[in-house]
Amino acid sequence: MEFWQNVTLGFGVAATPMNLVLCLVGVFLGTIIGVLPGIGPMTGVALLIPLTFSLTPTAAIILMAGIYYGAMYGGSTTSILVNTPGESASVVTCIDGYEMAKKGRAGPALAAAAIGSFVAGTFATLMLMIFGPWIAKIALNFGPPEFFSLMVAGLTVVTSLAGRSIVKALLSTFFGLAIATMGIDMQSGVPRFTFGNPELMDGLEFLTVAIGLFALCEVLVNLANMKEAAQERLSIKGGLWMSKEDWKRFIPSCIRGTLAGFFVGGIAGAGAAVASFVSYGLEKKVSKYRDELGKGAIEGVTGPESANNAAAGGALIHLLCLGIPGSGTTAIMLGALLMLGLQPGPLLFQQQPQFVWGLIASMYIGNVMLLVLNLPLVGMWVKLLDVPLYLLLNFIILFSFLGVYTMNNSAQDLFIMVGFGVIGYLMKRVDIPASPIILGIVLGKLMEEKMRQSLVISDGSMMIFLTRPISLFLLLMAVVSITNPYWKDIGRFFRRRFSAR
Amino acid sequence: MKLNKEERIASLVLIVGSLAYLGVGFLIPMPTLKQQLGPDAFPKAIGLGLLILSCIYAFQVFKSRELGRAKAEEIEKRAAIIGAEEKVEGRADLKTMGFMLSVMVLYAFLFEHLGYAISTFLAFMAGCLYLDRRHWVRDTVIAIIASFVLQYIFTVYLRVKLPAGPLSALGL
């Protein structure tokens, strides 16, 4: 009964004309971001956050979720037609999608990607509706030690999946945590790392850092190598619709992709890129048509595209129910919500039902809008690739400045942003991933607060994190995830030892 | 080999940076009220973590041997699966980067002095003309829309105050 009440409440909030328009604007802008190479979902969401400043939190998250979803959809279009993924979760789609397009079957490939994404997105939203309140209820019993350990686990999962080297990814996370310590300490009122500068009293704004690290860094990376690679673009020949045979092959791979994606993204907390690869691997193992994979099989498009959207939806469960972002993009969304004065987490379902259920309902509406928008307008999306790179770069600079300045009306923030742009570029040169920094900044202050609260409870003993079972479990999970790249080496070491004996 | 040099410099910079952070962490004043965990504890722990990680990184870089082909392939395979960012390698066009970076710094400096519209117009045009001069008429029109028209829309319709600079005389 309560469930249906909530659903009605949600649709009541989402179906107001203003929120519908925002949802449409969000998915539209998101698709543009997804299509444009060079602007990933993270850069896109960061650049567009200033648009939400004048909105209510509910309207703001509806817009942001639309952008997030739209970007996930849009990335597949360029994978199929240009062989250039718009974002990392669409890399696998290139393999079979582009092959299908080369065979003159771009239409069915695009349709399979769009419908697969729709099914998966809707499924993930349904799961959020069913399990969200339940997870939130469990998390309500968490005390400060559990929350601290949960944040440690969240940070390590994302860190372990952030780059080629764990040491570099951890350096990046710690750098983010270090930035979070800047400003006045909330508990004692002592200024830290402010160097007497009154504008640093509030610490560094996460958005200034995010726009510098992603948007301006992307500009610098492109400037460093301006020779544009010639792109061979394939046109859409034939109809957009899938044949009966296509549908027959579509359905099982869509179900597999959705479930795999939801498991990887929603339960294991790994990102959409991992989900798409897991799904591709699954297709290679179990699909009836596995021999055709890599040569333009529809399963190679449906599976990964369903999986990455199910994972993107699943990541929102972590964000809304636990307040822990599962990826760089959701970390940026969390930062934006904190700026709007909302604290995502288990209490959200109780205290702000209109916010949570409004968002959930708008996700359904957004999914339908994307399906309607994506297929008929595909020709227009592809035309976006004609925007000259130098104009695009100048626009990114302009929007970065506009966004960062309007936040605090501070010119100092502009210099800090440019500084982080340079830092971001230098980090890219030495292959240190940037997304853990954002996670560190967003979670840092909260982590410190929970740690201090825990130590007040335990009278200063660190053992409190190990003696409480949930906290201990979460910390063990953190250890497991951070050591995961070394498992193979450890296994090899033991096998060698064992066989030597 | 060149990349290794960059990484060596990076690791040393990181060590110095974490030492500096840790040093400043020790200078954080203590509050008069005693707490279980003072305001300096968390920064010190992070500083120590940064220092240890930087040292491990430096050790890895300075002691690095050529990775076996199989091992390198394994790392790249994992990187592709987790969607790691692409490596930025090769020579950078430092002249273009330097010019555009100077434009950005100047833009930041002039943003309040000249106002949004004028500084944006100048920065946008400088960027466009430097990078591609063939379509200057089209680019000028775009620059005017992105600067003057956008300022008008922001100020009049969205009620977002952008610095007007000398244009404040026009009531913007």
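A helix axis here is a line fitted to C-alpha atoms over the stretch in contact, and angles are taken between N-to-C directions. Keep that in mind for the helix pairs. One caution: this is a predicted model.

Chain A to begin with. Its secondary structure comes to 22 helices and two strands. The C-alpha trace spans about 70 × 65 × 60 Å along its principal axes. What radius of gyration would a compact globule of 501 residues have? Near 23 Å, and chain A has 23 Å, which agrees.

Now two helix pairs within chain A.

Pair one is helix 3, residues 41-48, with helix 13, residues 328-339. Their axes come within 8 Å and cross at roughly 15°. Angles under 35 degrees count as roughly parallel. So helix 3 of chain A is roughly parallel to helix 13 of chain A. The crossing is right-handed. Who makes the contact? From helix 3 of chain A, Pro41(A), Met42(A), Val45(A) and Ala46(A). From helix 13 of chain A, Gly328(A), Thr329(A), Ile332(A) and Met333(A). By class, that contact has six nonpolar residues, two polar and no charged.

Pair two is helix 4, residues 57-82, with helix 5, residues 91-102, again in chain A. Here the axes are 6 Å apart and the angle is about 50°. Helix 4 and helix 5 of chain A are therefore oblique to each other. This crossing, too, is right-handed. Helix 4 of chain A brings Ser76(A), Ser79(A), Ile80(A) and Leu81(A). Helix 5 of chain A answers with Thr93(A), Cys94(A), Gly97(A), Tyr98(A) and Ala101(A). The residues of this contact divide into five nonpolar, four polar and no charged.

On to the contact between the chains. How many residues does each chain give? Chain A gives 55 and chain B gives 54. Which elements of chain A supply two or more residues to the side that touches chain B? Helix 8 (166-180), helix 9 (206-224) and helix 11 (272-286) are on the list. So are helix 17 (389-408), helix 18 (411-429) and helix 19 (435-457) of chain A. By class, the side of chain A that touches chain B holds 35 nonpolar, eleven polar and nine charged residues.

Last, chain B. Its domain assignment gives domain 1 at 2-66 and domain 2 at 94-170. How far apart are the C-alpha centres of those two domains of chain B? They lie 39 Å apart.

Key. Residues are numbered from 1 along each chain as its sequence is written. Chains are lettered from A and ligands numbered from 1 in the order in which they are written. This is a predicted model: local features need pLDDT of at least 70, side-chain atom pairs count only at pLDDT 80 or more; totals for chains, interfaces and linings use all residues. Axes are lines fitted to C-alpha atoms, for helices over the stretch in contact, and angles run from 0 to 180 degrees between N-to-C directions. Helices (H or I, at least four residues) and strands (E, at least two) are DSSP runs, numbered from the N terminus. Angles under 35 degrees count as roughly parallel, over 145 as roughly antiparallel, 65 to 115 as roughly perpendicular and the rest as oblique. A crossing is left-handed if the near helix is turned anticlockwise from the far one by less than a right angle, and right-handed if clockwise. Two residues are in contact if their C-beta atoms, placed from the backbone, lie within 7 Å. Ala, Val, Leu, Ile, Met, Phe, Trp, Tyr, Cys and Pro count as nonpolar, Asp, Glu, Lys and Arg as charged, and the others, Gly among them, as polar. Domain bounds come from an automatic or database domain assignment. The radius of gyration is taken over C-alpha atoms; the globule rule is 2.2 Å times the number of residues to the power 0.38.
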